[in-house]
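This briefing is meant for a reader who is meeting the structure for the first time. Please look over the sequence and the model, and then read the notes below beside them.

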Amino acid sequence: MDYFRYRRGVLHCEEVPVPEIAARAGTPSYIYSTRTIVDHYRKLRDAFRRSGLDVLVCYSVKANGNLSLLKLMQHEGAGFDVVSGGEIHRALRVGADPRTIVFAGVGKTEAEIRLALEQDILQFNVESEDELEVIEGTARSLGRTARIAIRVNPDVDPKTHTYITTGKKENKFGLDIDRTRDLLGRLGQYPSVRLAGLHMHIGSQIVQVEPYVDALRRLLAFLPECEKAGHRGETLDLGGGFGIFYLEKSARPPEEFANALLPLLAQAGCRLILEPGRFIVGNAGILVTRVLYVKGSGTKTFYVCDGGMTDLIRPSLYGAYHRIWPVETEATVEGDAPDEETWAGAATAADVVGPICESGDFFAKDRRLPPLRKGQLLAVFSAGAYGYAMSSNYNSRPRPAEVLVAGGRHEVVNPRETVDDLLGRERVILMTP
Ligand code: LLP
């Protein structure tokens, strides 16, 4: 479910016509619907809470770290899943309670660990023995105790794109089962560290329940061992990864995941942490871009847009499918954009491409779309997660603006970058050999 709907052929975000936003913010711009974000957050939380379980939903900042969006999550009572000092600062900037922050990542630096300890975050999700040494040493020097969870790599196949698979043994993430067991046995050597529980995150855009069930079973098998080693594992952090539909309109019902996992969790009696990113923001955002030129070459049509892979890299990097439709279309269109696969209107299969000097710079290839004119606005749907967050300045392109919509109101919460932003910190020094 999302709140991007056509009314008499004009795309609206909640109550606001998208052309109105594009006129004010320019293009390319990201537009996010607060109602969609809150809906998705509450649906996931409530699906797992219904069992009476103590659930903390830590929104995964990497999916979209926009500060106003984080403020909304904080206001809703979410915690935060972070992977860098920068993300810790983002969470703190919006007033997050540090005791709701969980910190993952295979390469935490000592400075980041220190910051997290000084802030007294909820837990470190530890990914290696070496990292644990640094956490122990830093905590000791600060006279603090670090709460940790061991990130277990359960070696399950989440059946998603290989680039976003993280819980198979060939992935760099977490500790395999044997090393986890070994480390649990040796935790006594780390007096400044307290085991809060176990963590897993098996991948992203997972649309099947079984990989979670398999992985959770493997994790649960460890709880008795934790107790034997003298640690009461109080929390289980199952990570994120809940998939959304990119082709169809609505997100997959979280009840399916909850129904399969809750019975297992009830036995464990632990506090539950979830780290969803995409599920909350993926379908809550679109990228609006303008067709600059229509270009025919042989049998092909190219729609050249003012947005490209520097703004949204998912199609180029993963071959990801994002629905695309004109923002202003036939007046008869109401509700969702027509389904491109079954659309009966006059269509040309075209490539929707960006202005960047790379052949891999495209939003869609051989896409059936109504014939487009120069100057027309296009909406690239399901762009709220890993869109702006993965944008770059390649080709010295300023990053797009970000706009938040709430009902009939919209605000440019992150203005488009300027050339000064791009060049401002650099120095020009003539250095000859
Ligand atoms: N927790 C941890 C430890 C993670 O590594 C991730 C994502 C998440 C939570 C949130 O996962 P989500 O619920 O959003 O699936 N750039 C890729 C996705 C990379 C995901 C990385 N880790 C994409 O655009 O598909």
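In this predicted model, the side chain of N153 places a polar atom 3.1 Å from the backbone nitrogen of D155. N153 itself belongs to the loop between β9 and α7, the helix that covers residues 177–186, and with a relative accessibility of 5% it counts as buried.

- Strand β9 covers residues 146–151, and R151 is found in it.
- R151 has a relative accessible area of 5%, and because the limit for a buried residue is under 20%, R151 is classed as buried.
- The side chain of R151 is in polar contact with the side chain of E127, at a distance of 2.8 Å.

**The ligand and its surroundings**

- Where does the ligand sit? The ligand is placed in the largest pocket.
- The shell around the ligand is made up of five nonpolar, seven polar and six charged residues.
- Of the 18 residues around the ligand, the ones that come nearest are S204, E275, R314, Y318 and Y386.
- For S204, an N or O atom of the side chain lies 2.4 Å from an oxygen atom of the ligand, while for E275 a polar side-chain atom is found 2.6 Å from a nitrogen atom of the ligand.
- How much of the ligand's exposed area does the protein bury? Taken alone, the ligand exposes 590 Å², and the protein buries 92% of that area.

**Backbone features**

- As background to this group, most residues other than glycine have a negative phi, and most peptide bonds are trans.
- E14, although it is not a glycine, has a positive phi of about 50°, and it lies in the loop that runs between β2 (10–13) and β3 (16–17).
- Is E14 buried or exposed? With a relative accessibility of 4%, E14 counts as buried.
- D120 is not a glycine either, yet its phi is positive at about 60°; its place is in the loop between α5 (110–119) and β8 (123–126).
- The relative accessible area of D120 is 27%, and D120 is therefore partly exposed, since that class lies between the limits of 20% and 50%.
- Which form does the peptide bond from T27 to P28 take? The bond is cis, with an omega near -5°, and P28 is found in the loop between α1 (18–25) and β4 (29–33).

**Pairs of residues set apart along the chain**

- V57 is part of strand β5, which covers residues 55–60, and at 2% relative accessibility V57 counts as buried.
- V57 and T100 are 43 residues apart along the chain, and their C-alpha atoms are separated by 9.0 Å.
- E256 lies in helix α10, which covers residues 254–268, and with a relative accessible area of 35% E256 is partly exposed.
- How far from the C-alpha atom of Q208 is that of E256? The two C-alpha atoms are separated by 9.1 Å, while 48 residues separate E256 and Q208 along the chain.
- R427 is found in the segment that comes after α13 (419–423), and R427 is exposed because its relative accessible area is 68%, where exposed means over 50%.
- R427 and V405 are 22 residues apart in sequence, and from C-alpha to C-alpha they are 38 Å apart in space.

Notes: Residues are numbered from 1 along each chain as its sequence is written. This is a predicted model: local features need pLDDT of at least 70, side-chain atom pairs count only at pLDDT 80 or more; totals for chains, interfaces and linings use all residues. Side-chain values use heavy atoms; hydrogens and water are left out. A residue is near a molecule or strand if one of its heavy atoms lies within 4 Å of it. A polar contact is a pair of N or O atoms within 3.5 Å; within protein, one must be able to donate a hydrogen and the other to accept it, and residues adjacent in sequence count only if both atoms are side-chain atoms. Accessible areas come from the Shrake-Rupley method with a 1.4 Å probe; for residues, only the protein chains shown count as cover. On a 1 Å grid over the protein atoms alone, a cavity is a set of points where a 1.4 Å probe fits but cannot get out, and a pocket is an open set with protein on both sides within 12 Å along at least five of seven lines; lining residues have an atom within 4 Å of a point. A molecule sits in a cavity or pocket if more than half of its atoms lie within 2 Å of its grid points. Ala, Val, Leu, Ile, Met, Phe, Trp, Tyr, Cys and Pro count as nonpolar, Asp, Glu, Lys and Arg as charged, and the others, Gly among them, as polar. Helices (H or I, at least four residues) and strands (E, at least two) are DSSP runs, numbered from the N terminus. Buried means under 20% relative accessible area, exposed over 50%, partly exposed in between (1.4 Å probe, protein chains only).
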